[in-house]
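Below is a short report on a protein model. Look at the sequence and the structure before reading on.

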Amino acid sequence: MRTHEQRDLTARLSALAEAPAPPAALDAPAAIARGRVRLRRRRRALIGAVAGSTAAVLAGVLLLRPSGGPPVPAVPAPTAPSTLAPSPTTTPTPVATGPLSAEAGFGWLPPWLARPAVGHANSDGRSVVTAATTTAVENAVPALRLELLRDTGASLAPGTHTVAAPAVAGREAHWLVTDASGAPVGLRWLTASGRWAELRATVWTGAKVKDDLLRVAADVRFGDRDVPFPVRPTGVPADLKVRNVEVHRPSKDSEPPWSAMLSYTVGGKWLSVTVQPDGFGVFADGRPDGGTPVCRVEKGVQLCVNGTATGIPSVQGIGGPAGLLTRFTVLGADEASWSTGGGL
Amino acid sequence: MAERTRDTEFTEYLASRSGWLRKVAYLLCGDWHRADDLVQECATKLYVNWSRAGRVENLDGYARRVLVNTFLAEQRSSWWRRTTRTATPTEVASVAADLDVQLDLRRALAALPPRQRATVVLRYYCDLTVDQTADAMRCSPGNVKSQTSRALATLRTTLAPRPATAERTS
């Protein structure tokens, strides 16, 4: 028996679902085409798995023969989601890359950012900091996004132009607005270093947002600093190039309370190591060709390797995804134990 | 020949049910464009597993389960890619155009963690029982009950009450 409250909720949900919507963008032929690609991959993987198992059985038979020839190395079985114990590693080759760093940080934040959650990322040479309410984070919408631009010319994205804004800390500033509607999307200002800083917001309702952004900008702290990170890479193969490092700490109440990721590329292939507290399911990278993650749990922290790691010779050389996971020192699920040192 | 039959069946099913799946997706994620992405990915997964889907008793239920789990899996993917993709305020215009009541509910749903939101949508929009919801979300009935209870408690504090005359009549 449903209460009035529950019937009311049903009515509201139905009304919301029936609200006017933009035209649907479903593309059935594209779904079929992508589906066929996945089916082909699945069949190939199945054939590979059968071949691998057959080879492993054959190798076992040869090894058991009383007067057999030289031992045949066993073929590794196809990887599957598993919890792996750390194994002894060979002497690691340190990677000459730095820790996760931030070039700027927030000072004052507006009160409409309730329980602000901060995320940091170093991606393709860019350093970005975001701040959002926990709610917005769960919906993947950061409320504020701060970046110190690499491009000294500060080129504009297509479809946007600038409008003069009040000076920030006595230096030139501009609003970023869209050509089509004239709606503001952010603020750019010149910093003491001569580089432009950019602050974008996803919340523009309310008259005070522009004032708030100017105040946020005036209180941004610049200067390189290390960002605490839950694991320390120790001997990741040197040919793996760091593409993206991120850590995200929504709040202690969120599920999970934090997550981190390191993405690497090598020779057109990619892999990522996802990190989160254990007990929140498998943290998959989410990219379509991510494969089945291989995971390990230590000190209450889950690490998973996603991507095309099995096709990377240097990763295969250290024992594949399972071996790669042993090349990370886990510092703990408690943020108080996190380090800012170590190469990435 | 078999592939053509499969494609025809799949296309016909999608043509008839994509509108419904899109509405469920919208209630889950609160954004029509993301809803389209979710349905597109759900459709691809359905095609890949079409032979299995053809054997289930309740094809709509199977499709809904694929959709919900696609949504929940997306919540766990890289925060960086998700935040980068949505770094521009594309939703502002449509939010402004919403009716107050709808905006109120959208905000209230957005304030719920993903699994609680999925529970609310499955139980009160799709009208599923606790057991059916547990099956769709691959969790225990007890977990559905606790998620429902917590979601309703939160919604009670965030949703403005409406008069009883606004109840659904269908």
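Two residues are in contact if their C-beta atoms, placed from the backbone, lie within 7 Å. Leaving aside neighbours within four places in sequence, A:A217 is in contact with A:V168, A:L187, A:W189 and A:L199.

This is a predicted model, in which local features need pLDDT of at least 70 and side-chain atom pairs count only at pLDDT 80 or more, while totals for chains, interfaces and linings use all residues. Residues are numbered from 1 along each chain as its sequence is written, and chains are lettered from A and ligands numbered from 1 in the order in which they are written.

A residue is buried if 20 or more other C-beta atoms lie within 10 Å of its own (exposed if 12 or fewer, partly exposed in between). A nonpolar core is a set of buried Ala, Val, Leu, Ile, Met, Phe, Trp, Tyr and Cys residues joined through C-beta atoms within 7 Å. In the largest such core, which has 62 residues, A:L199, A:A217, A:L303 and A:V305 touch the most other members. Strand β12 of chain A (residues 259–266) supplies the largest share of this core, 5 residues. Another core, apart from it, has 49 residues, including B:V24 and B:M137.

Chain B has 10 helices and 0 strands, where helices (H or I, at least four residues) and strands (E, at least two) are DSSP runs numbered from the N terminus. Of its 170 residues, 43% count as buried.

The mean pLDDT (the predictor's confidence in each residue, from 0 to 100) of chain A is 75.

| Stretch of chain A | pLDDT | Contacts beyond near neighbours in sequence |
|---|---|---|
| residues 52–98 | below 50 | 60 contacts |
| residues 135–141 | under 50 | 19 contacts, beyond four places |
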